[in-house]
Amino acid sequence: MAEFTGRAMYLQIADEIKRQIRNEELVPGDRLPSEAKLMNDHDVSRTVARQAISRLREDGYAISHQGKGSFAAMPSEGAAKRQGSEYEQITQHLDQVLHDVRDLARRIDDLEAMVRQQSSGS
């Protein structure tokens, strides 16, 4: 079952496959898991599986061939560094936004509880 970490599941799946490619567990040309396998292994929808493969293609870690599937690829070093740096900055910013939104939601819950308590005590 997929565990919620605050990060989109398709990104988690794509990151895991990227790690496998960088660690040479998958080498360029190896067939990547099918959408059905990703759905089954990660307990996600077809949309999430497609988004993960799409992200891999965008980042240069996959090449897809209609009717044949998707295959591992290795992005050029310069492209990977540029994408990695920009990606890390965006990810850090989004993590901070998520943290701030959760903090705000907690504070709103606290205020609503105070108002309810004051209303029932009056």
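Is Arg107 buried, exposed or partly exposed? Arg107 counts as partly exposed, at 48% relative accessibility. The close-up views below are taken from a predicted model.

View 1. Asp103 is partly exposed, its relative accessible area being 27%. Through salt bridges with shared partners, Asp103, Arg106, Arg107 and Asp110 are joined into one network.

**View 2. Glu35 and Arg50 link helices α2 and α3.** A salt bridge connects Glu35 with Arg50, and their closest N and O atoms lie 3.2 Å apart. Glu35 sits in helix α2 (residues 35-42) and Arg50 in helix α3 (residues 46-58), so the pair, 15 residues apart, links distant parts of the chain. Glu35 is partly exposed at a relative accessible area of 25%. For Arg50 the relative accessible area is 48%, which is again partly exposed.

**View 3. Asp15 is paired with Arg7.** These two residues form a salt bridge in which the closest N and O atoms are 2.4 Å apart. For the model, the count of salt bridges comes to eleven.

**View 4. Ile17 lies among residues of the largest nonpolar core.** This core has 17 residues. Those with the most contacts inside the core are Ile13, Ile17, Ile21, Leu26, Leu32, Leu38 and Leu56. Helix α1 (9-22) and helix α3 each supply at least two of the core residues. Leaving aside residues up to four places away in sequence, Ile17 touches Leu26, Leu32, Pro33, Leu38 and Leu56. In soluble globular proteins, nonpolar side chains tend to be buried together.

**View 5. Glu58 of helix α3 is shown with Pro75.** What separates Glu58 and Pro75 in sequence and in space? The two are 17 residues apart in sequence, and their C-alpha atoms are 9.9 Å apart. Glu58 is found in helix α3. Its relative accessible area is 52%, and Glu58 is therefore classed as exposed, the limit being over 50%.

Technical notes. Residues are numbered from 1 along each chain as its sequence is written. This is a predicted model: local features need pLDDT of at least 70, side-chain atom pairs count only at pLDDT 80 or more; totals for chains, interfaces and linings use all residues. Side-chain values use heavy atoms; hydrogens and water are left out. A salt bridge is a side-chain nitrogen of Lys or Arg within 4 Å of a carboxyl oxygen of Asp or Glu. Helices (H or I, at least four residues) and strands (E, at least two) are DSSP runs, numbered from the N terminus. Buried means under 20% relative accessible area, exposed over 50%, partly exposed in between (1.4 Å probe, protein chains only). A nonpolar core is a set of buried Ala, Val, Leu, Ile, Met, Phe, Trp, Tyr and Cys residues joined through side-chain atoms within 4.5 Å. Contact means heavy atoms within 4.5 Å.
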